[in-house]
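Have the sequence and the 3D view open side by side as you read.

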Amino acid sequence: MATERSKSLRVSSAPAAFSRPPPTPPRSPTVVSSSGTPSRTVKLLKKEIGAYPKDVPTCDLLQLLFPEQCLPLSTSSLFEKLSAGDQPLYARGQWVDCPDLTKSSKGGDVEELLVQFLQNFGERVAQLTGADAPKRTWSAQYADNGVEDAPNVRKPDILLADHVERIRWRDAHVHGELKCSSSSKNQKAVFHQMLNGAYLIFASQDDRRFVVSLCFMAHTLQLYIFDRAGLVTSSSFDIHKEPKSFIHVITALMFADDRALLGYDTSIVKRDNLRFITVDATEYQIVRRLFISDVIRGRGTVCWHARHGNQDVVIKDSWADANTVPEADILKKAAGIKGVPQVLGETIVRIRGAEDTTATLRSVVEHAQVPKPSRAKQIAATLESTETRIHRRLVITPLCLSLPHFASRRELLSVFIDIVDTHRQLDENDIVHGDISINNLMIVPHSVTHVDGAVTVHPLSSDVATAGAADASAIATPVSPTGPRRALTIDFDYSRVKERETPVSTNKSPVGHRTGTVPFMAVEVLLRGDQLQAHEAKHDLESMLYVLIWLCLYYAGPGNIERQNFDIRHSPLVGWIEGSFISMGLAKSGTLRDAYGWQLCLDQFAPYFAPIKQCITEWKELFVKNKLKHEAVLKVLRDGLAALPEEESGRGMTIHRDMGR
């Protein structure tokens, strides 16, 4: 999936796969591991978030996020009780036990004192309201040591979580940072830390709708609310001078019964340590998470393998731009075309009785009374450029394997023949996919069955392909293949119906939109960008070529086995994934059009793919000669398949559910 770093791009959705997805295409610019997996950088996150409403009056945000009725007592009543008695918590215009937050921290000492103060506050509120204890607890255990389960090491100053000994990002309800002053240097640093913390929470929790983060600049507190349309910040307030606002925030976070108020998706129900989702009056049990998007602003796609009775399905959650045609509508129009998912159910998620959209938060922002005209103007401008995203849920079938699970060279070309033929039929029905990538092209297994607590996927699964021989023999049972496997094209979020106005041509093109996925974007799309009138079928056919090239670069052979000695950043193809869109387009075009450049590309292929180099070269020539048509590509692939010798097509494996968790 490409970065959400430009308004002309959009993030690619998840694969409807049983196995884990293939290595994600690297973003540009970013840090890429040997497997192609990117590490998000603050620079990218800042571009992803874009402009956002700042300094929205705290009182307005609090009434939306944490209505008074969610508190055990009203803010005014709590203030009176906390200020009364022989040992008041608030007296003479300040919080009695609050540490001096203007001191610089040494080894997390000030953070620990802040946590003690917050915990004492919560315990006093519990006493005053008759509660046994706060529902959640603060911790500074990572103020001087990074959280261990993060893809990039972060040292959050404070975290709010349930009562667990070792907090991980998957446990964090709220993330907070503390600075001893509001210097410009500290403001820049804390913004970066807030971005990273919110990103890690979204990437670790598949039931997150938004994230609330706290920023302490000495004794001044500010709320950061991250959602799929970006960020909104509250006005800053002094916790001593505005004690009721402080009471409202901390009490709500520690005591609110409804997890939806903390940003969770409460439509996902827990029973007996199992999770369930209901769509169109049908309840599905979540078996496992297949995919979670690594973005803050954007579609934030999550896919689960779920089950109703004996039927296995994929449930896809995404925050779709309100300006786009719903994916379910596209799939229904494509009904009957082989190689396209079947829709079993669809819904707009409802939370607390209302449709879940990013417009709810921004409606409060829009009507807030902002005292400074300049700030009000800034807020109005950011709202105008911010998309509205709707939380949609889709149930589809079949359950599939990701493309790298091909069993042989013959099957790989056969699958691509299916993909091109499906695309031809879509084109004949006026549908242009618009986002062909390695994550959106799948393989349909022969069958999925359940035997003695195991899921059998025929004929191959990545969990066995990447395990040692001893491990594989312990968990795998061979089964006989039942014929060639077919392809499935998924992710129609940004597909275009030709006779309609489309997302690509709309004037409103917010951050998070893409017309492709780097490095699979067509040259013309890269070079012309927003000047391109529409994404066409030929661009998808070109993207399919790049998917096949990517497989040859990053995989050692069949069965989802990744190469350990290839990094595109250290190859002649680095220009495909780094730099501006124009520079990437020029680099890609140069590779394909120049004989020496193309040979350098072929030289990077894993040895296994040598027999199909000629086929790929002929496909490339169709691009060079501007002859990318379905029948021409199909002929190249069929000729390439005919030139290959017969070879073993793979074997089935029985994969226990515990593997790959």
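**Notes on the model**

1. Let's begin with burial: the protein has 661 residues, and 59% of them count as buried. Keep in mind that this is a predicted model.

2. What does the secondary structure of the protein come to? You'll find 18 helices and 30 strands. As for what touches what, take the contacts between residues at least 6 apart in sequence: 73% of these join residues at least 24 apart.

3. A hairpin worth a look is the one from β9 to β10, with two residues joining the strands. Strand β9 covers residues 220-227 and β10 covers 230-233, and they pair in the antiparallel sense over four bridges.

4. Next, the open sheet. Seven strands make it up, running in the order β12-β13-β14-β15-β16-β20-β17, with antiparallel pairing. Which are the edge strands? They are β12 (269-271) and β17 (342-348), each of which pairs on one side only. On average, neighbouring strands in this sheet are turned by 35° against each other, direction ignored.

5. Within that sheet, zoom in on β15 and β16. Strand β15 (residues 302-308) pairs with strand β16 (residues 311-321) in the antiparallel sense, over seven bridges. A handy landmark here is V302, which stands opposite D317 in β16. As a reminder, strands of a sheet pair through backbone hydrogen bonds, either parallel or antiparallel.

Methods:
Residues are numbered from 1 along each chain as its sequence is written. This is a predicted model: local features need pLDDT of at least 70, side-chain atom pairs count only at pLDDT 80 or more; totals for chains, interfaces and linings use all residues. Side-chain values use heavy atoms; hydrogens and water are left out. Buried means under 20% relative accessible area, exposed over 50%, partly exposed in between (1.4 Å probe, protein chains only). Contact means heavy atoms within 4.5 Å. Two strands pair if DSSP finds at least two bridges between them. Axes are lines fitted to C-alpha atoms, for helices over the stretch in contact, and angles run from 0 to 180 degrees between N-to-C directions.
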